[in-house]
Amino acid sequence: MVEQAIPLDYLDGYARILADVSATGRRLTRDEIESRRALGEQAADAGFGLRALVGAHLAATRAAWPATPASADSVLAAVHQVVDAFAEGYERAQRLAVRQEEAARREFIDDLLYGRSDLGRLAERAERFGLRLSHAHAVAVAQGATAYDEADPVPRQVEQALIARFGDRSILLTTKDGRLLCVAPGDQDEVLAYFAKQAYAATDGGRVAIGRPQPGPGGVVQSYEEALNALDLADRMDLDAPVLHAADLLVYPVLTRDRQAMADLVSSALGPLTAARGGPQLLMDTLIAYFDSGCVAAEAARRLALSVRALTYRLERIHKLTGANPADPAHRYTLQTAVIGARLLDWPTKPL
């Protein structure tokens, strides 16, 4: 069956080589070796398995074995050379195919995440990688202490965990700009939750952001951008949660949609803190800790390594400078919104 499965084209000239070697005891010429490599490449491109191809050569060897070889060792050496050269060409073609596949995959991922390609054509290419872009998709992005690419152990470890848990569920795992990315159907929250768990462990406590499910061919790039923005917000706002959901952070982009209005609020509500001795940062840190602790003075003092009395003094100083009392609910909303805006605008480090 092996001989019938493999076309004789891939054994072209083999019987002649064996007959000539049997008669002369010579080794294969350079041209003969190169011809075997070329046949190996052609067989690989045609999709035949190497095991079946080697089996076909062994069957052809039995069929063409000379009745009275001058040297059996010479014939066996020629068989070894033929099979070795054929396998070398086969493997060379496979390596080239892998590189081409990797290049095509990387090009597709770049187009998918940047939205640079025609959406119809992008959807067609996506099916090759298991994605149906007519459906909604969500993207999770994991960021660790170091940058990763697809050849690193960390992405492979996470991918193996996902495959072991979910099998083939139209999941695309890749890397981009040193981060791990997982693209999954928008109705499979459990996939991205498990990715976040595995990525957090594999990156030694890295941070994961999950974008909202977005429909259509352009949905992946939208969800990806949401996840990136969530990571950026986490850095600017010092959010310590290991997993961030873009849906939970929508208030922040709303607050900064009108940048000039937010800058005016920060300047008006917090600008007077610049008159404090040593600048505004110490009192800004006090407000951040106070609001982050739910306006509980004892907890805020603990976070700042202060006594409650010292914290109270700072709050009174803020009240005196700004005219707004952080402990007064009537003033608290304006101050807290201004503090959030200041953190988003990186004030006072950067001028408004």
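## A loop residue, D238

D238 is exposed, because its relative accessible area is 60%; buried denotes under 20% relative accessible area, exposed over 50%, and partly exposed the range in between, computed with a 1.4 Å probe on protein chains only. The residue D238 belongs to the loop that links α9 (219–237) and β5 (243–245). Helices (DSSP runs of H or I, at least four residues) and strands (runs of E, at least two) are numbered from the N terminus.

When residues up to four places away in sequence are not counted, D238 touches L233 and R343, where contact means heavy atoms within 4.5 Å. Between D238 and G206, which are 32 residues apart along the chain, the C-alpha separation is 14 Å.

## Basis of the model

The model is predicted: local features need pLDDT of at least 70 and side-chain atom pairs count only at pLDDT 80 or more, while totals for chains, interfaces and linings use all residues. Residues are numbered from 1 along each chain as its sequence is written, and side-chain values use heavy atoms, with hydrogens and water left out.

## Overall form

The protein contains 15 helices and five strands. Its radius of gyration is 33 Å, whereas a compact globule of 352 residues would have a value near 20 Å; the radius is taken over C-alpha atoms, and the globule rule is 2.2 Å times the number of residues to the power 0.38. Along the principal axes, the C-alpha atoms fill a box of roughly 110 × 40 × 35 Å.

Of the 352 residues, 43% count as buried. Contacts between residues at least 6 apart in sequence join residues at least 24 apart in 70% of cases. The accessible surface is about 18900 Å², and carbon and sulfur atoms account for 50% of that surface; the areas come from the Shrake-Rupley method with a 1.4 Å probe, and for residues only the protein chains shown count as cover.

The protein carries 39 positive and 46 negative side chains, and the centres of the two sets are 6 Å apart. Lys and Arg count as positive and Asp and Glu as negative, with His and the chain ends not counted. Each charge is placed at NZ of Lys, CZ of Arg, CG of Asp or CD of Glu.

In helix α6 (residues 119–128), the buried residues are L122, R125 and A126. Viewed down the axis of α6, these buried residues fall within an arc of 110 degrees, so they line one face of the helix; the arc is that of the directions from the helix axis to the C-beta atoms. An α-helix has 3.6 residues a turn, so residues three or four places apart point the same way. On the other side of α6, E124 and E127 are exposed. The buried residues of α6 pack against α5 (72–114), and α6 is followed by G130, with a positive phi near 85 degrees.

Helix α5 includes A104. Apart from residues up to four places away in sequence, A104 touches R128 and F129.

## Two further buried helix residues

A93 is also located in helix α5 and counts as buried because its relative accessibility is 8%. With residues up to four places away in sequence not counted, A93 touches E41, A44 and D45. The C-alpha atoms of A93 and L273 are 68 Å apart, and the two residues are 180 residues apart along the chain.

Q198 is part of helix α8 (residues 189–202). Its relative accessibility is 19%, and Q198 therefore counts as buried. Neighbours within four places in sequence left aside, Q198 is in contact with V158 and A161.

## Backbone features

D177 is placed in the loop between β2 (172–176) and β3 (179–185), and its relative accessibility of 54% makes it exposed. D204 lies in the loop between α8 and β4 (207–210) and is exposed, with a relative accessible area of 72%.

The peptide bond from W347 to P348 is cis, with omega near 15 degrees. P348 is located in the segment after α15 (329–344).
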